[in-house]
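Please view the sequence and the structure before reading the points below.

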Amino acid sequence: MATDAPPPSKGGSGNSPATPTTEAFVEVQKGAEFGELRRSHRSFAFPLTIAFIAWYLLYVLLSNYAGGFMGTKLFGNINVALVFGILQFVSTFLIAWLYSRHAAAKLDPKAEAIKSRMEAGA
């Protein structure tokens, strides 16, 4: 897709933020505030990732080794395997929605505060 916008200038414009140095990034990374941001992300992402992988593996294992159970008709031509398969999609979207809310409420404000301080101090 082509655009009519000119490429950004190399000299930088007055409204672009200053770029922090590598040392500034390392200092922030060692700080307590960044550690709290990382902990907040991990405390949400890791348990949900483990739960989703376990749920997915359950689906795969049941499909391979419990064909009779997965083939059980619930109503009409709808069986347990189809319902579990649809629930895989539902759980994926649910996790994405939950993460988006978590990031907007807890991660983004902390990250923005760190970013603003780094750009101001650069």
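The model is predicted, so local features need pLDDT of at least 70 and side-chain atom pairs count only at pLDDT 80 or more, while totals for chains, interfaces and linings use all residues. Residues are numbered from 1 along each chain as its sequence is written, and side-chain values use heavy atoms, with hydrogens and water left out.

**Overall fold**

- The protein chain contains four helices and two strands, where helices (H or I, at least four residues) and strands (E, at least two) are DSSP runs numbered from the N terminus.
- Along the sequence, these elements follow the pattern α-α-α-β-β-α.
- Of the 122 residues, 15% count as buried; buried means under 20% relative accessible area, exposed over 50%, and partly exposed in between (1.4 Å probe, protein chains only).
- Among contacts (heavy atoms within 4.5 Å) between residues at least 6 apart in sequence, 64% join residues at least 24 apart.

**Helix α4**

- Helix α4 (residues 80–121) has 42 residues and reaches 58 Å from its first C-alpha to its last, close to the 62 Å expected at 1.5 Å a residue; the expected span is 1.5 Å times one less than the number of residues.
- Helix α4 bends by about 45° at A103, the bend being the angle between axes fitted to the seven residues ending there and the seven starting there.
- The buried residues of α4 include F84, H102, A103 and L107.
- Those buried residues pack against α1 (22–30), α2, α3 (67–70), β1 (73–75) and β2 (78–79).

- S40 is located in helix α2 (residues 32–65) and is buried, because its relative accessible area is 9%.
- Apart from neighbours within four places in sequence, S40 is in contact with H102, K106, L107 and K110.
- S91 belongs to helix α4 and counts as buried because its relative accessibility is 15%.
- Beyond neighbours within four places in sequence, S91 is in contact with F52 and W55.

**Y56**

- Y56 lies in helix α2 and counts as partly exposed, because its relative accessibility is 42%.
- Between S91 and Y56 there are 35 residues of separation in sequence and 9.9 Å in space, C-alpha to C-alpha.
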